Every structure is written in C-alpha cells, then in structure tokens.
Amino acid sequence: MGKRRAGRELLRSLSKKQKKHLREFGEEHPFYDKLLLLMLLQLCFPLQSDDSDKSSAESDSETEVEQVSGYHKLLATLKTLPESESEEEEDESESEEAEESEAEMDSEGSQETGEAEGDEEDKNDVPEEEEGSLDTAEQMLSQEQTDGADTSCGPRHGVIEEFTDVKHESEFSLETNFMEEESGDGNADKRDSNPFKQHMDKELEDKEIEKISTLPKTSSQSQWPGLGQLIFSSTLEKHKSLKADKEVDVKQLHLHKPLESTWPKVNKQFLSSVDKASDSPFTPLQRELFCIMNSYRDLFYPERNALTNGEEIRHAYCLHALNHVLKANAQVLSNNAKRRDRKPGSDSDDCRDQGLTRPKVLMIVPFRECALRIVHIFISLLEVNDKKKIDVSNKKRFKGEFGSDPEEKPPSLKRPEDYEAVFAGNIDDHFRIGVAILQKSMRLYAPFYSSDIIIASPLGIRTVIGAEGEKKRDFDFLSSIEILIIDQADIYLMQNWEHVLHLMKHINLLPLDSHGVDFSRVRMLNLNNWSKYYRQTLLFSALQDPQINSVFSKHCFNYVGQVAIRNVPLTGSISHVVVQLPHVFRRLEAESVTSVIDARFQFFIDKVLPEYRDAIMSHTLIFVPSYFDYVRLRNYFKKEDLNFTHICEYTKKAAVCRARRFFLKGEEQFLLFTERFHFYKRYTIKGIRNLIFYELPTYSHFYSEICNMLKATDNGVDATWTCTVLYSKYDAQKLAAVVGIDRTAQMLQSKKNVHLFVTGEN
C-alpha cells in the first residue's frame with residue numbers, strides 16, 4: 001500500500017506547468033522517460049522473482065484482476081490528467097489574449113505593437129467569422145454523449161458525422177402512427193374547412209401554371225392602419241384585397257386545437273393594456289401580419305426592428321408555421337386510420353396528403369440564438385399547462401449547443417442598443433437542425449427526411465446543398481417545402497447573400513431519390529413538380545434593398561399572390577446627425593445598373609479624390625459598403641502610392657489597432673473603412689475630419705453613426721469638417737432612407753450637386 005501511495009503522490013505532485021510541458025513536448029520531458037516510467041510501474045506493481053511467481057500462481061484469479069485494473073487505471077491517469085488540465089490552461093490563456101486584444105483596439109493603440117507593418121498585413125488577413133465557424137465545428141465534433149449520443153465516436157476515434165437522433169425514428173414516424181382520440185382532432189376533415197385546406201387542396205390547371213410562369217403580375221394598393229401602404233400583386237386574377245380585422249376571435253382563425261388555448265398565454269407579454277382590455281390575443285402588428293400569413297399569400301415586411309417588434313414578429317410566424325405543421329400531420333394521421341379500416345381494393349386517391357419528402361417548413365435565421373428562441377416558442381405553444389408537459393427529445397443537448405455560455409464574460413466595450421439586440425446570445429452562424437412534431441411530442445435533431453421543420457442558417461444549409469460537381473451533396477429534402485420563412489434578411493447581406501440565392505435555386509425541385517415515399521399518398525401538385533407555385537414565402541427584413549426585393553419578385557411564384565409593405569421614410573437618418581456638418585451629395589451618371597460600379601469608381605478617381613490629395617485634407621475616412629469596391633480602391637491607392645491605411649472585416653485585430661492609431665495621429669492621410677466591419681464591430685474611429693461615402697450605406701442609421709464620430713475628436717475644428725456622398729439614380733431607396741422621400745424626389749430630378757447643412761436639429 002505504501003508503494004502505491006508513493007506512485008499516486010508522485011503524479012499528484014506535478015504542477016500544471018509540468019503537465020502542460022508533458023503534453024507539448026511528449027517524450028522529451030523526463031516524465032516520459034522510459035526508465036522513469038518503469039520506476040513508476042515498479043512502485044505500484046513490483047516485478048516479482050521466480051519464487052514470487054510460484055506463490056502468485058497459487059493465488060486466486062481475483063488478485064490478478066485487481067492488478068490488471070489498477071495498471072489500466074494508472075495508464076489512464078497518465079494519458080488523461082495532463083491533457084485535460086492543459087486544455088483548461090490553454091483555454092484560459094486564449095481568452096486572456098482575446099480580452100487584451102479587445103482592450104488594445106478600444107484604447108486607440110497608445111503603445112507600439114511589435115508586429116510587421118505594410119504588405120504583411122494583407123498577407124495575414126483572415127476572415128474572423130470563418131475562424132469562429134471552425135471553432136464551433138470543432139466543439140460540435142468534440143461534444144460527448146448527451147441524451148443518447150454515442151461516446152465511442154469521439155475525436156480520438158476520428159472525425160464523426162453530424163449528430164442526428166435515430167433513436168426515436170419509429171416513435172415519430174407519420175406512416176405508422178394514428179390520431180389519438182383524446183387529442184380531439186379526429187374530426188380534422190370537418191374542422192379544416194379553412195385556409196390550410198383551401199390552399200393545399202386547390203387543383204391548378206396547366207393554363208394557370210403557364211400564366212404564372214410567363215405573364216407579369218397585376219398590382220393594387222391598400223392602406224392598413226398598422227402596416228401602412230400594402231402592395232397586393234397576383235398573376236392569375238385580381239384577388240380581393242384583404243381587410244385588416246380590428247378584432248380577431250381565435251376560434252375564427254382555424255387554429256389547431258392546442259394553439260387556441262396556448263397562444264393567448266404565450267403572447268401575453270407583448271399585449272398592451274388596451275389589447276388586454278379588448279381581450280385580443282394579438283398586438284395590432286401581429287393581427288395584421290397574421291391575417292396575411294393565414295391567407296397563405298407571400299409576405300415581405302421590411303420594417304423589422306430587433307429592439308422593438310422583432311420578437312412580436314417571431315412569435316407570429318412561429319404560430320403560423322406550427323399551426324400549418326399540426327394540421328398537415330393531423331390530416332396524415334387521420335388518413336392512416338381510414339386506410340387501416342378500409343376494405344381491400346377500395347380507391348385510395350382521397351388520401352393524397354403528403355409531399356415527396358416530409359419537411360414542410362424551412363426557417364432561415366442568422367444565429368443559433370434565433371433557433372433557440374424559436375424552439376422555445378414551439379415548446380410553449382404545445383404545452384397546454386404546467387401539468388401537461390410535452391416530451392422533448394435531446395433537449396439537454398440542444399441547450400448546450402445552441403445556448404450561450406453562462407460563464408462567458410460580456411464585452412466591456414459600449415455598443416449601440418441595436419447592436420446588443422442583434423448579437424445577443426450564441427451568434428454562431430453555421431448550424432442546422434431538424435425538428436419533428438407529432439401530437440404531444442417534439443423531437444430535436446431529427447434527420448432531415450424525418451423532420452417537419454428545418455431551422456438553419458444560410459451557411460448551414462449551403463454546406464448541405466453543396467455545389468455542382470461535389471460528390472457529397474443533398475437537396476432532396478427541400479423538394480416539398482410548403483412554407484419558407486427568411487427572417488432578418490438584411491443580416492445575410494452582411495454575411496454572404498450568395499448562400500440565400502443558392503438556396504432559392506435548389507428549393508422545390510424534384511428529388512433525385514424516392515426516399516421511401518408512398519406515391520399513393522403524394523399530392524398531385526408535388527408529382528407534377530408544381531410545389532413552388534403552392535409555397536408560401538415570408539420575408540422579414542430591417543430595410544428595403546434591391547437584392548432582397550429581387551428574391552421576393554423573381555423566386556416567389558405563389559398562385560395566391562403576394563403582399564409587400566412599401567412605406568416611404570419621411571425624414572431619414574440625416575436628422576439624427578448631432579454635429580454641425582455640411583453634406584455635399586454629388587450625383588454620378590450611369591447608363592445601367594451594371595455599369596454604375598465602374599462609373600462610380602471613375603467618378604471618384606477623376607472628380608473626388610484629386611480634391612483630397614492635398615495634405616490639408618488629412619484625416620479623411622472613406623466609407624465603402626461593398627468589399628469588392630474596397631479591394632479595388634485599395635489596389636488603386638497602392639498603385640498611386642498614396643498615404644493610406646485600411647480596415648475591413650478580414651483585417652486582424654492587431655492590424656486594426658495599428659490602423660486606428662496611425663489615422664488618429666495623422667501618420668496616414670486616408671482610411672478605407674468597410675460597412676461590414678462597422679456592422680460586426682461598431683468601433684468609434686477617432687480623428688475624422690473629412691468624410692467620403694463612396695456609396696450610401698446599406699443600413700441608413702450607419703450614416704448618422706459615422707457622421708457623429710467626428711465629435712469624438714476633441715481637437716477637431718468644426719469649420720473644417722466635410723462630408724461628401726456619391727449617389728446615382730439607382731440609389732433611390734438608400735437615398736430616401738438617409739435624406740427622406742421629399743428631398744430624394746428633388747435630388748433625382750435635379751442633376752446638380754446638392755448641399756445640405758445639418759445643425760443637429762434637422
């Protein structure tokens with residue numbers, strides 16, 4: 001016993017540094033010396049002589065078992081202890097380094113950094129977001145067994161595949177389950193004489209499909225008290241414009257039975273005293289939005305605000321999506337019972353109630369925190385009361401992977417309120433998860449072909465779809481999507497809009513494989529490859545942008561029609577500029593949308609840049625929304641050997657700190673600054689005296705934020721501050737968001753430069 005204790009004490013006596021050294025240097029450390037290892041083994045398991053061998057032979061087998069288990073226990077201690085503790089130590093050091101770098105950037109870089117400058121900065125530029133995605137993927141791969149996951153497939157056993165819940169496959173199968181009598185939905189056919197059945201059961205003709213594909217849409221306008229100006233458009237016929245209901249009875253909405261009682265409780269937090277007095281389960285905004293959703297028209301709402309109405313909208317579309325899934329599944333389960341009781345040889349065409357694949361709803365959201373909130377809303381809507389809790393599979397794993405770390409320290413830097421609202425919680429943008437819902441149970445991490453709802457980010461869904469030529473790619477699960485919800489579409493402009501376009505090209509296509517579908521249950525609309533004409537698209541954004549408008553107009557073919565909210569801004573974000581600053585809006589001419597990029601660059605280098613080459617016009621910040629324009633300007637500035645520095649979303653932290661310091665001290669005359677960097681960081685750039693907006697910002701409030709940065713410099717002289725904005729006739733939407741609709745109309749009619757002087761009260 002004494003020798004064994006000595007061996008254990010020797011292991012415990014190692015410090016954290018020694019254990020870290022053990023992992024880093026392996027055999028070079030004395031601890032891994034073979035002689036020392038033999039000595040350690042002898043301390044615990046002394047080598048026995050021949051006599052001892054004879055005596056040990058006489059002993060029973062239990063002693064041998066004890067010795068073997070102790071030996072393995074020692075080796076396990078040698079392998080795991082240093083590794084785990086050194087990992088903790090490395091994590092602590094990495095977090096400390098990140099905090100130091102963050103503080104260094106915010107302090108304006110008063111101390112010199114020892115890294116190389118110049119061209120090395122460009123070579124070392126690495127997308128920080130991609131690094132974050134890689135870190136998250138590694139964490140997912142290293143996730144150990146939770147709620148039924150297999151621990152034998154850890155990182156040490158090689159790369160594991162993405163976790164999906166196969167354990168509950170039969171329990172959540174639509175084909176093998178039947179409607180529960182106590183659920184009260186056995187009379188689904190009678191009950192569902194509502195928008196769901198009216199929309200899905202309508203049979204289109206070939207002529208109507210041809211009209212939708214070829215003819216332009218006819219439009220009509222309507223004014224609603226809450227949403228404002230609505231544009232109704234349709235190809236088949238002029239549908240009667242919807243009227244906003246002042247009062248809504250839950251029973252008249254044809255909600256599935258559990259939702260009638262749970263929705264008023266879940267939505268109670270958003271109701272004002274007036275709504276509660278009128279006993280309305282919806283806010284005025286939700287009432288009008290849900291009225292459009294429940295009619296199964298496409299919807300584009302460009303006034304989503306993370307601070308004010310973001311959660312209201314999320315709850316509304318979650319109610320609509322869940323209502324759709326519950327009705328569709330209830331129809332399938334009810335028909336299962338009919339088929340079971342039917343006599344052999346009878347006709348079964350009346351049971352066509354499915355698509356070619358099971359997923360019905362696709363929800364595209366930017367961050368894991370958004371998916372977490374959506375699932376929580378689903379759970380709340382399905383739980384009738386505290387006593388009747390629903391069974392949620394893999395809930396613990398979901399909270400661990402999609403929730404935020406409670407021990408994570410909040411950043412010490414002060415950011416605007418809208419930034420804190422958008423980037424709250426877990427902001428990883430690479431994820432996807434399948435959700436299956438069956439009566440009183442929910443299954444998270446369901447395989448896509450066994451899911452009713454898929455929640456994913458654009459990057460997460462893009463990696464599954466893949467690209468042409470790749471061996472491992474799959475998009476058959478998108479073939480029968482009936483509701484597509486794209487929330488916070490403006491954020492995807494800052495991430496990668498190509499992922500959204502790639503998704504729209506691969507949705508509602510005929511699958512390449514049958515995936516075990518019963519074709520006798522498949523709707524004719526799916527067999528005819530008409531799914532896209534029945535798909536409802538709900539698009540929510542914080543702004544109107546041509547790229548978002550293009551998706552809504554060119555990739556949405558709903559036969560019922562579309563509704564777009566088109567309110568024009570009356571004032572614009574220029575009214576929030578608090579510094580006295582002259583604004584010069586310089587108009588450039590371009591023949592087409594495609595030629596405006598080259599026309600803007602030529603106008604800038606010929607007309608604008610020469611005015612700022614003089615040393616007097618130092619401390620000039622050039623705000624560039626597009627990364628491609630930024631690269632083009634950076635290359636031109638290098639070619640002309642101009643005194644400049646640059647910051648973009650791919651610039652390393654040390655290089656950002658160095659660029660901010662050089663610009664503040666006046667060592668660099670120009671600073672190229674991208675909108676994506678400002679979106680993700682929101683740093684205050686000090687030392688600005690001259691502003692050039694190479695193009696109007698995507699987010700209109702960025703205009704006032706950048707202009708108000710001039711007051712951050714104490715030694716600046718107000719009279720020398722300038723602001724120049726380049727615009728063309730194709731920037732009408734962005735221009736209206738900055739200066740207001742009235743000024744925009746005047747500026748587009750006149751071809752002269754416009755001078756505006758903002759006093760801080762305009």
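Colleague: Where does Asn-394 lie?

Modeller: Quick housekeeping before that: this is a predicted model, so local features need pLDDT of at least 70, side-chain atom pairs count only at pLDDT 80 or more, and totals for chains, interfaces and linings use all residues. Residues are numbered from 1 along each chain as its sequence is written, and side-chain values use heavy atoms, with hydrogens and water left out. Helices (H or I, at least four residues) and strands (E, at least two) are DSSP runs, numbered from the N terminus. With that in hand, Asn-394 sits in the loop between strand S5 (391-393) and helix H16 (395-402).

Colleague: Is Asn-394 buried or exposed?

Modeller: Buried means under 20% relative accessible area, exposed over 50%, and partly exposed in between (1.4 Å probe, protein chains only). Asn-394 has 4% relative accessibility, so Asn-394 counts as buried.

Colleague: What is phi of Asn-394 near?

Modeller: Most residues other than glycine have a negative phi. Asn-394 is not glycine, yet its phi is positive, near 60 degrees.

Colleague: And where is the place of Asn-508?

Modeller: Asn-508 also has a positive phi in a residue other than glycine, near 60 degrees. At 3% relative accessibility, Asn-508 counts as buried. Its place is the loop between helix H20 (497-506) and helix H21 (524-527).

Colleague: How are H18 and H20 oriented, oblique to each other or roughly parallel?

Modeller: Axes are lines fitted to C-alpha atoms, for helices over the stretch in contact, and angles run from 0 to 180 degrees between N-to-C directions. Angles under 35 degrees count as roughly parallel, over 145 as roughly antiparallel, 65 to 115 as roughly perpendicular and the rest as oblique. Helix H18 (residues 458-465) and H20 cross at roughly 50 degrees, and their axes come within 9 Å. That's why H18 and H20 are oblique.

Colleague: Which residues of H18 meet H20?

Modeller: Contact means heavy atoms within 4.5 Å. On the H20 side there are Glu-498, His-499, Val-500, His-502, Leu-503 and His-506, and they meet H18 through Pro-458, Leu-459, Ile-461, Arg-462 and Ile-465.

Colleague: What about H11 and H14, roughly antiparallel or roughly parallel?

Modeller: Helix H11 (residues 257-266) packs against helix H14 (residues 310-341) at an angle of about 165 degrees, with the axes 12 Å apart. H11 and H14 are therefore roughly antiparallel.

Colleague: Which residues in H11 meet H14?

Modeller: H14 brings His-315, Ala-316, Leu-319, Leu-322, Asn-323 and Leu-326 to this contact. Their partners in H11 are Leu-259, Trp-263 and Val-266.

Colleague: What separates the C-alpha atoms of Val-332 and Cys-351?

Modeller: Val-332 is in helix H14, and at 1% relative accessibility Val-332 counts as buried. Val-332 and Cys-351 are 19 residues apart along the chain, and their C-alpha atoms are separated by 8.0 Å.

Colleague: Last one: how many helices and strands does the chain have?

Modeller: Of the 762 residues of the chain, 50% count as buried. As for the count you want, the chain has 30 helices and 18 strands.
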